[in-house]
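Thank you all for coming, and please have the viewer open while I talk.

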Amino acid sequence: MIRDAFDAVRVRKNFPALNQKIYGKPLVYLDNAATTQKPKSVIDALEQYYSSENANIHRGIYYLSQQATNAYEGVRARVRQFLNARSSEEIIFVRGATEGINLVAQSYGRTYVKEGDEIVVSVMEHHSNIVPWQMLCDEAGARLRVIPINDEGEILTGEYENLLNERTKLVSIAHVSNVIGTLNPVKEMVEKAHGRGIPVLVDGAQAVPHLKVDVQDLDCDFLVFSGHKMFGPTGVGVLYGKSELLEKMPPYQGGGDMISSVTFEKTVYNKIPYKFEAGTPHIAGVIGLGRAIDYLNEIGMEEIAAYEEELLRVATEALGRVPGLRLIGTARKKSAIVSFVLKEVHPHDIGTILDRQGVAIRAGHHCAMPLMQRFGVPATARASFAFYNTKEDVDALCRALGKVREVFK
Ligand code: PMP
């Protein structure tokens, strides 16, 4: 039974995009790992900002600019609280998870990674957590090492420990896989890496919107996430970094706001976090992200996690009854993401037929081509859930998969 305490049907009413028909069928939105829909409060925050609060931040001496600065910096404080970081200076606004990882690769990586050094990632990483490290390794003459997984899609922790050595300069690992939903044991992995003095970056893109993430508890050195996957606007995200590391890192980009003084002879950089925020940021996006965090706090991350766990159980059981369906990724600890293939049907055909039934899922390699290779499939179909999805959405997915069977029988 889905928990009564959480009323997904009521919550759905806050999301205007969910209340529409596609090809005459009610929209069943199951592509939340790609991006989430936005609650009215986030949409209103953007409108309000542009209608009556718009001004550039930090430099203005007039009322509107000060208001915008307060709103922007207020969100930094709320993100700090949301992640339980020690200080707001550890919160850097970026464009999203991808930019956060690139920032660390370019700033930390180019400073500390030298020829012969190693970076450790897992085989289930999103391309965003592979390619920036490959670029760095190419430049520095370093090597990317890859943690293998078992057939269920779980990290082989013994193999992970074997990969760590005196050449390892960083471990970068997804908290939750965007393809198979595996919830990785990041706290234990951080502990192992720290035992050898190796810092760890956690790609929290698929974790932060779905479970309580506490950076002090994980003790990770960096963590990134994207606003648009957590009910906020696109084009904004966060890099959390321990202040002692951020202090030692050079700026990622140069420009306005990241300096305290400039002469042609010498430029002095601003303190953290501003040192890493060159140029006018996505002010409206940050304000919208703040509203999304307020929204999540009102519901409660524990409530969300418990509800989605139940939804995952219902979905896994229901899909297990679909003839010819093979689940890809059956880890014991998972977030509400289900990837699957259907015998003799290409995932893109599944996606197209489901779309005609109003069911939006993702089909493809999900920006994780090495993981596809690991499972020996070119692509999968993926349904990814959020707290506004219901058991009825799971039923609609299974009914639509019945249509696929009719077409391909
Ligand atoms: N990491 C993971 C695990 C993801 O799922 C995604 C988005 N699919 C990213 C990184 C990149 O996020 P963005 O495109 O928002 O930067």
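This is a predicted model: local features need pLDDT of at least 70, side-chain atom pairs count only at pLDDT 80 or more; totals for chains, interfaces and linings use all residues.

Residues are numbered from 1 along each chain as its sequence is written, and side-chain values use heavy atoms, with hydrogens and water left out.

Let me start with the domains. The protein chain is divided into domain 1, made of 8–30 + 300–407, and domain 2, which covers 43–298, and these bounds come from an automatic or database domain assignment. The contact between them takes 36 residues from domain 1 and 33 residues from domain 2, where contact means heavy atoms within 4.5 Å. The C-alpha centres of domain 1 and domain 2 lie 28 Å apart.

Now to the ligand. Which residues are around the ligand? They are Ala 33, Ala 97, Thr 98, His 126, Ser 128, Asn 178, Asp 203, Ala 205, Gln 206, Ser 226, His 228 and Lys 229, and a residue counts as near a molecule or strand if one of its heavy atoms lies within 4 Å of it. This shell divides into three nonpolar, seven polar and two charged residues; in this scheme Ala, Val, Leu, Ile, Met, Phe, Trp, Tyr, Cys and Pro are nonpolar, Asp, Glu, Lys and Arg are charged, and the others, Gly among them, are polar.

A polar side-chain atom of Thr 98 lies 2.6 Å from an oxygen atom of the ligand, and for Ser 226 a polar side-chain atom is 2.7 Å from a ligand oxygen atom. In the side chain of His 126, an N or O atom is 3.2 Å from a nitrogen atom of the ligand. The protein covers 85% of the 400 Å² of accessible area that the ligand has on its own, with areas taken from the Shrake-Rupley method with a 1.4 Å probe and, for residues, only the protein chains shown counting as cover.

Ser 128, another residue of that shell, deserves a moment. Ser 128 is found in the loop between strand S5 (118–122) and helix H5 (131–140); helices (H or I, at least four residues) and strands (E, at least two) are DSSP runs, numbered from the N terminus. Is Ser 128 buried or exposed? Ser 128 is buried, because its relative accessible area is 13%, and buried means under 20%, exposed over 50%, and partly exposed in between, with a 1.4 Å probe and protein chains only. Leaving out residues up to four places away in sequence, Ser 128 touches Thr 98 and Ile 101. The side chains of Ser 128 and Thr 98 are also joined by a polar contact of 2.9 Å, that is, a pair of N or O atoms within 3.5 Å, where within protein one must be able to donate a hydrogen and the other to accept it, and residues adjacent in sequence count only if both atoms are side-chain atoms.

Strand S5 also holds Glu 118, which counts as buried because its relative accessibility is 2%. Among the residues that Glu 118 touches are Arg 143, Arg 145 and Arg 167, not counting residues up to four places away in sequence. Glu 47, in helix H2 (residues 40–53), counts as exposed, because its relative accessibility is 55%.

Next, please look at helix H12, residues 347–356, where Pro 347, Ile 350, Gly 351, Ile 353 and Leu 354 are buried. These buried residues pack against several elements, including strand S14 (337–342), strand S17 (380–384) and helix H14 (391–407). H12 is followed by Gly 358, whose phi is positive, near 85°.

I will finish with some backbone details. His 366 has a phi near 55°, a positive value in a residue other than glycine, and His 366 is buried because its relative accessible area is 7%. Cys 367 likewise has a positive phi, near 55°, but Cys 367 is partly exposed, because its relative accessible area is 32%. Lastly, the peptide bond from Ile 272 to Pro 273 is cis, with omega near 5°.
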